[in-house]
Amino acid sequence: MKASDLPSQDEVLTEELKDPEFRQEWDRAEFARAVAKRVIAYRIEHELSQAELGKRLRMAQSAVARLEAGDREPSMTTLARLARRLGIQFHIDITPTGFQVTA
């Protein structure tokens with residue numbers, strides 16, 4: 001089988017989201033994934049390794065890796081630390097139908 005014959009990431013995700021258990025977990029981790037994307041974007045933009053970002057945040061590299069994995073919701077304390085030490089903002093909208101993190 002050639003790589004070109006494999007389904008794309010979007011195709012795999014679309015198929016996986018049909019499974020109710022997978023969908024529930026995907027929706028549960030939405031907030032954590034949004035924060036992870038912000039942290040990863042910051043690190044790439046500033047050309048930092050996880051260890052270097054950890055030093056800025058006064059966190060272990062493993063803690064940065066967990067944040068970037070996007071499967072655990074960060075605490076408000078962690079969000080405040082990210083905002084203070086990196087100068088980034090988190091705008092969180094919480095509604096009856098869900099929540100959204102924006103820049």
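Helices α4 and α6 are roughly perpendicular to each other, a term for angles of 65 to 115 degrees, whereas angles under 35 count as roughly parallel, over 145 as roughly antiparallel and the rest as oblique. The axes of α4 (residues 50–57) and α6 (residues 76–86) come within 9 Å and cross at roughly 95 degrees. The contact, meaning heavy atoms within 4.5 Å, is made by L53, R56 and L57 of α4 together with R81, L82, R85 and L86 of α6. By class, this contact has 4 nonpolar, no polar and 3 charged residues.

This is a predicted model, in which local features need pLDDT of at least 70 and side-chain atom pairs count only at pLDDT 80 or more, while totals for chains, interfaces and linings use all residues. Residues are numbered from 1 along each chain as its sequence is written, and side-chain values use heavy atoms, with hydrogens and water left out.

Two individual residues may now be considered. R43 is found in helix α3 (residues 30–45). R43 has a relative accessible area of 17% and is therefore buried (buried means under 20%, exposed over 50%, partly exposed in between, with a 1.4 Å probe and protein chains only). Not counting residues up to four places away in sequence, R43 touches L48, S49, Q50, L53 and E68. R43 and L86 lie 43 residues apart in sequence and 9.9 Å apart in space, C-alpha to C-alpha.

A83 belongs to helix α6. Its relative accessible area is 27%, so A83 is partly exposed. Leaving aside neighbours within four places in sequence, A83 is in contact with I88 and F90.

Note on methods:
Axes are lines fitted to C-alpha atoms, for helices over the stretch in contact, and angles run from 0 to 180 degrees between N-to-C directions. Helices (H or I, at least four residues) and strands (E, at least two) are DSSP runs, numbered from the N terminus. Ala, Val, Leu, Ile, Met, Phe, Trp, Tyr, Cys and Pro count as nonpolar, Asp, Glu, Lys and Arg as charged, and the others, Gly among them, as polar.
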